Amino acid sequence: MQILNNKVAFITGASRGIGKAIAFTLAKSGADIVGVDVAIDGLKSSMDEVESSTGRKAIGIQGDVGDYASMERSGEEAIRLFGHINILVNNAGITRDNLILRMKDDEWENVLRVNLTGTFNCTKAIIKGMVKNREGRIINIASIVGVMGNIGQANYAASKAGIIGFTKSVAREYANRGITANVIAPGFIETDMTLALSDEVRKTLTSQIPMSRLGKPEDIAHVVKFLASDEASYITGQVIHVNGGMYM
Ligand SMILES: NC(=O)c1ccc[n+]([C@@H]2O[C@H](COP(=O)([O-])OP(=O)(O)OC[C@H]3O[C@@H](n4cnc5c(N)ncnc54)[C@H](O)[C@@H]3O)[C@@H](O)[C@H]2O)c1
């Protein structure tokens, strides 16, 4: 018996990076996976890898978290296939960095739309079934930048800080329905998102991390697994920082 047996996890942004690591880790612990992403090719191959290496079911649904109708359809499809969703991981996210005076309206709006409105859309679409079942785990991926701020990332920081306030509200609104909602705030993690950083920025960043290294996607996935497990049933409305000591 594994700790997530008979659970179904709905994970956004599951085609690569942290989302893909979360899909693997939850499947290895016994959960079936519904991965949602705009990038369908990467998503299909990730889900195939998850199925073949864990033996759990892993299906990919193409969807845009910024579009509520798309998330509602994805949720209905997941319920049709598996009957229920126990775990929602709002992980899809983007960056469009620029200094405030140069930031274009669409850089501001797209980041808010995907990161913050996307988290709201998926939560609204998926929580209905959780309320009915009086059971659910919502785990939202924010960022260290949402608590510390960052030069060139005002849009991203605002979206991630918004996720924290949103999650605490979900936690309060649904605590008596058996649903928990928590945030994981990763520091800097080795994925395509940080691959874009120059060597110099990476060196400066690393010098600010007491553990002197970026994190791995699995460092985040293991915390998701814990928050999704029965052992974490009394934890709600919390922000769990996973950053090698960069923010304390
Ligand atoms: N990598 C880091 O250092 C780091 C640090 C803190 C927080 N995070 C957060 O962790 C999450 C995952 O980051 P990552 O590094 O794996 O990024 P990534 O860019 O490697 O992956 C993001 C995934 O989200 C998908 N996506 C983008 N827009 C979407 C949309 N509208 N609808 C559905 N899917 C969409 C992408 O196709 C991609 O598969 C993000 O929310 C990110 O902000 C990352």
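Q: Let's start with Ser212: buried or exposed?
A: Ser212 is exposed, with 10 other C-beta atoms within 10 Å. The cut-offs go by the number of other C-beta atoms, placed from the backbone, within 10 Å of a residue's own: 20 or more is buried, 12 or fewer exposed, and in between partly exposed. This is a predicted model, where local features need pLDDT of at least 70, side-chain atom pairs count only at pLDDT 80 or more, and totals for chains, interfaces and linings use all residues. Residues are numbered from 1 along each chain as its sequence is written.

Q: Where is Ser212 found?
A: Ser212 is in the loop between helix H8 (199-207) and helix H9 (217-228). Helices (H or I, at least four residues) and strands (E, at least two) are DSSP runs, numbered from the N terminus.

Q: And what is phi of Ser212 near?
A: Phi of Ser212 is near 55°, a positive value in a residue other than glycine. Asn6 has a positive phi too, near 65°. Asn6 is in the segment before S1 and is exposed, with 11 other C-beta atoms within 10 Å.

Q: OK, new topic. What order do the strands of the open sheet have?
A: The order is S3-S2-S1-S4-S5-S6-S7, seven strands with parallel pairing. Two strands pair if DSSP finds at least two bridges between them. Strand S3 (58-62) and strand S7 (239-242) are the edge strands, each pairing on one side only. From one strand to the next, the twist averages 20°.

Q: How many bridges join S1 to S2?
A: Five, and strand S1 (residues 8-12) runs parallel to S2. S1 also pairs with strand S4 (residues 87-90) in the parallel sense, over three bridges. Take Ile11: its bridge partner in S2 is Gly35, and its partner in S4 is Val89.

Q: Which helix touches S2 and S3?
A: That's H2, which packs on the sheet with its direction at about 170° to that of S3. H6 packs on the sheet as well, touching strand S5 (136-141), strand S6 (179-186) and S7, and its direction makes about 160° with that of S6.

Q: Back to S2: how many of its residues are buried?
A: Six of the six residues of strand S2 (residues 32-37) are buried, so S2 is largely enclosed by the rest of the structure. Asp32, Val34 and Val36 lie on one side and Ile33, Gly35 and Asp37 on the other. In a regular strand the side chains alternate between the two faces of the sheet.

Q: What about helices: at what angle do H4 and H6 cross?
A: Helix H4 (residues 105-133) and helix H6 (residues 154-174) cross at roughly 15°, and their axes come within 9 Å. That makes H4 roughly parallel to H6; the label is for angles under 35 degrees, with over 145 roughly antiparallel, 65 to 115 roughly perpendicular and the rest oblique.

Q: Which residues of H4 and H6 make the contact?
A: Among them are Trp108, Leu112 and Phe120 of H4 and Tyr156, Ile163 and Phe166 of H6. Contact here means C-beta atoms, placed from the backbone, within 7 Å. By class, the contact of H4 with H6 has 13 nonpolar, six polar and two charged residues.

Q: And how far apart are the axes of H1 and H2?
A: The axes of helix H1 (residues 17-28) and helix H2 (residues 40-54) are 10 Å apart, at an angle of about 25°. H1 and H2 are therefore roughly parallel to each other. Their contact includes Phe24 of H1 and Val50 of H2.

Key:
Axes fitted to C-alpha atoms, helices over the stretch in contact; angles between N-to-C directions. Contact = placed C-beta atoms within 7 Å. Nonpolar A, V, L, I, M, F, W, Y, C, P; charged D, E, K, R; others polar.
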